[in-house]
Amino acid sequence: MTETKQVLLEVKDMCKNFGATVALNHVDLTLQAGEIRGLIGENGSGKSTVSSIAAGMQKATSGEMFYLGEPWSPNSMLEAQQKGICMIVQEKGTIPNITVAENIFLGHADMFKSGMFISMAKMIAEAQKILDDLGIEIKADEKTYKLDIEQCKLVEIAKAMFWKPKIFIVDETTTALSQKGRDLLYKLMHRLSAEGTGVMFISHDLDELIAQCDAVTVLRDGKIIGSLNRDEMEPGHMKQMMVGREVTDHYYRSDEDTYGEEVVLKADYLTTRRDLLCFNLELHKGEILGIGGLSECGMHTVGKALFGAANVIDGEIIKTGKKPVKITDPATAIVNGIAYTSKDRDNESLGLNSPIAENIASTGYEENKVLGPIISYKKEKNYVEKQIDSLSIKCNSEYQYVNTLSGGNKQKVVFGKWMGMDPDIMILDCPTRGIDIGVKVSMYQLIYEMKKQGKSIVLISEELPELIGMSDRILIMKDGAVVHEALRSEHPTEQQLVEYMI
Amino acid sequence: MKNTFAKIKSSRWLGRLLSPLFLLFLIVLFAILTKGRFAQLKNLKILIEQGMVVATVATGATFIYATGNVNISMGASTALIATLAAKIYLATNSVVLMIAASIVMAVILMGVMASLSTLLRIRVLYVTVVMMTLLSSIQKSIVGSATISLPNDMIMMMKSAYFPYITFAVYFIICLILFHYTSIGRKLRVLGTNAVCGEFTGFKMSKYLLIAFLISGIGVGLGAVMTIVRTASIGSDTCSTLNMDVLLALVLGGMSVFGGSRSHIFAASIGALTVTVLNNGLLMVGISNIYVQAIRGIIFIILVFFSQTRPNGLPSKEG
């Protein structure tokens, strides 16, 4: 290899917006032949976005890409694959009800056409050759649903290999792999790089990145923060680059208020179908309890479980008080003054195809009754208008459809819906996700006011500054368990907390 | 401009006015095409009597459709219940027993359907597809090739007591109150808009689906008796177009087939009248029954296509 390596991929001034959310903010990136480049950054920093645009999964909002010197704008993953850009995705990328061979040649079955028919035998033989060559012990004629998640990932890797990729993108795949699978992948990455392929490696595991990569690029809030060469890579420094944003926390609360002794809600040895095993938690009166961690650490399940909406196998959620109540389903939770806003706002907390009024009124049927079961339209209107006014939801009228509102206003509708029933406990899962700063500030004020009124709040968030800024107590979770607890009085820093997350 | 558009879109009344206007348009159109024959008092009375059976069954069906579920066995259920009720009358000679049995049987039948769907975790649509075939074959095997005729004096007595009118009015008012003035209708609409959100607001789909089916069961029971009174005989083709009539009525009345917040109880009655006017008018103009069915199908598809509210899973024009 010569000193100046060939540039395989060049990304210039790329932006990507999802509605109001900016995922990529003028990103420049190059990938050279034969290098293994790590991409790191917090959740939502844009690392998966940039790589998936290059691999044809989505289109950029603006900016250019050049692949082997030519302008590059793939229309689909299949097109990118044929041209030599292959990506192993974070999610499961195989189809269960077909054979391994069919998955490997998905979308390209025509290659095995003889006359009118597709020769299965030829396809299976070819697939087996690829698998054997990579040292993957899977039979190509096996149905894919019989494989576990790790084997599925290996099938995806084999699928990518057939196309002799010029660029190989691995997006947080190693979390699904055992040590053996990881070694196989690492070996493959190095083999490809020796053959001149550029490898883009996305991972949360810093040790893994340091061990495997030639260089890493750090992203934060959709911007490139910087790149580190092999000799500059050091975990502490990398973490600092990942989270070390400008400290603009003046919109969080600034007090040192504490909270009551009384426990209002507790989880007792809670085990769910997914994520949690013997999980314990206590929420106190007037407390803002922050829960943080990486997205898949189980914290979102905790939120659902506390509301009675998770698939609980064992253990229980108790709303304490004079008469302790076991929370088994959302209906019981709501009757006992527990509210929940989901991270998946559009799908779980709102009726998009319905007016604001209908969404907000849905918690007030009991309160707005006038005579037996009869609901008063007038009382209901007041109930809705009170929330629209106090939260200053921007709308033409209360009959405006929710799907015409911006993300921030949608979230206000969700808040309005729950504030209407005046809950004692609010479980907020990523309440400021995809919301502009103005609405964020009003959400923070609202949360703090609720605390002052003696209400208890569980604040689940992927943003550490928010947790540090708002919480009385922070739990950091990893693999479904609490690994660290920090009190407000201890003034934890992002760097300290990240240590426990990764 | 865009703001005006948004206002029109969010206006609740415009959408609701369209259906009555369309009905009026059809009546005027057919009156002109038939040189006034269509609008004769005698014909209009027939229309209303025909329309009332559809309206009663469709009013009940509104509760099910509001949840975003489709029950396509409404016609087959009504036919079977009408057959059984007729047999019961012939065996007992008791009008009261016939009406009571009709309602009880229909409510039980609907309850079974809802429970099958929730217990077996099969979509309502699929349960009712099977039910439609099953109920229809049971009905045909009971009736056989003959027709069950009911005594004329009983029919005349019921007619002169305005049974169909009173029954429809009472049922309609009860449904109006349940759907628009109690939490039941609101909860059904919330579930229809977004089932997960509804569950997370404390409304159990299984519970409210059962309630919706039970309420609609009363409509099926009453509709069955009204069918007996209207036709005085039960054959293997009784209510054979009722199911499509109900479906078309709800859509023509301004409801979305996907349920949710645009559901309202008036849709059933206005739509039922529109469907009857359409059937009757087209025939009077001289269009063959085969083409009438085709025209109904085309209208249905067009209305579903333009239906405002679509569930999240379906592609939208905004992408």
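Predicted model: local features only at pLDDT ≥ 70, side-chain atom pairs only at ≥ 80, totals over all residues.
## The six-stranded sheet of chain A

Chain A holds an open sheet of six strands. The strand order is 6-9-10-3-11-12, and the pairing is mixed. Strand 6 and strand 12 (223-229) form the edges, each pairing on one side only. From one strand to the next, the twist averages 20°.

Strand 9 (residues 167-171) of chain A pairs with two neighbours in this order. Strand 6 (residues 85-88) runs parallel to strand 9, joined by four bridges. Here Cys86(A) has Phe168(A) as its bridge partner. Strand 10 (residues 198-202) also runs parallel to strand 9, with five bridges. In that pair, Ile167(A) stands opposite Gly198(A). At the other end of the order, strand 11 (residues 215-220) and strand 12 pair in the antiparallel sense over six bridges. Arg220(A) of chain A faces Lys223(A) in strand 12.

## Cover over strand 9

Is strand 9 of chain A mostly covered or mostly open? Strand 9 is mostly covered, with five of its five residues buried. Ile167(A), Ile169(A) and Asp171(A) point one way from the strand. Phe168(A) and Val170(A) point the other way. All of these residues are buried, the charged Asp171(A) included.

Helix 5 lies across strand 6 and strand 9 of chain A. Helix 5 runs at about 175° to strand 6.

## Helix 4 against helix 5

Helix 5 of chain A also packs against helix 4 of chain A. Their axes come within 10 Å and cross at roughly 105°. Angles of 65 to 115 degrees count as roughly perpendicular, so helix 4 and helix 5 of chain A are roughly perpendicular to each other.

Which residues make the contact? Helix 4 of chain A supplies Ile130(A), Leu131(A) and Leu134(A). Helix 5 of chain A supplies Ala158(A), Met161(A) and Phe162(A). By class, this contact has six nonpolar, no polar and no charged residues.

## The loop at Asp141(A)

Asp141(A) lies in the loop between helix 4 (120-134) and helix 5 (149-162) of chain A. Is Asp141(A) buried or partly exposed? With 15 other C-beta atoms within 10 Å, Asp141(A) is partly exposed. A buried residue would need 20 or more, and an exposed one 12 or fewer.

Leaving aside residues up to four places away in sequence, Asp141(A) touches Thr99(A), Ala101(A) and Ile124(A). Val439(A) sits 298 residues from Asp141(A) along the chain. The C-alpha atoms of these two residues are separated by 54 Å.

## The four-stranded sheet of chain A

Another open sheet in chain A has four strands, in the order 14-13-16-17. Its pairing is antiparallel. The edges are strand 14 (279-284) and strand 17 (325-326), each pairing on one side only.

Strand 13 (residues 263-272) and strand 14 of chain A are joined by five bridges. Ala267(A) has Leu281(A) in strand 14 as its bridge partner. Helix 9 (residues 299-306) of chain A lies across strand 13, strand 14 and strand 16 (312-319). Helix 9 runs at about 120° to strand 13.

## Chain B

Chain B has 14 helices and two strands. Its radius of gyration is 20 Å, close to the 20 Å that the globule rule gives for 319 residues, so chain B is as compact as a globular protein of that length. Along its principal axes, the C-alpha trace of chain B spans about 60 × 55 × 35 Å.

Buried residues make up 45% of the 319 residues in chain B. Consider contacts in chain B between residues at least 6 apart in sequence: 80% join residues at least 24 apart.

## Where the chains meet

Methods. Residues numbered from 1 in each chain as written. Chains lettered and ligands numbered in written order. Rg over C-alpha atoms; globule rule 2.2 N^0.38 Å. Contact = placed C-beta atoms within 7 Å. Pairing = 2+ DSSP bridges. Axes fitted to C-alpha atoms, helices over the stretch in contact; angles between N-to-C directions. Parallel < 35°, antiparallel > 145°, perpendicular 65-115°, else oblique.
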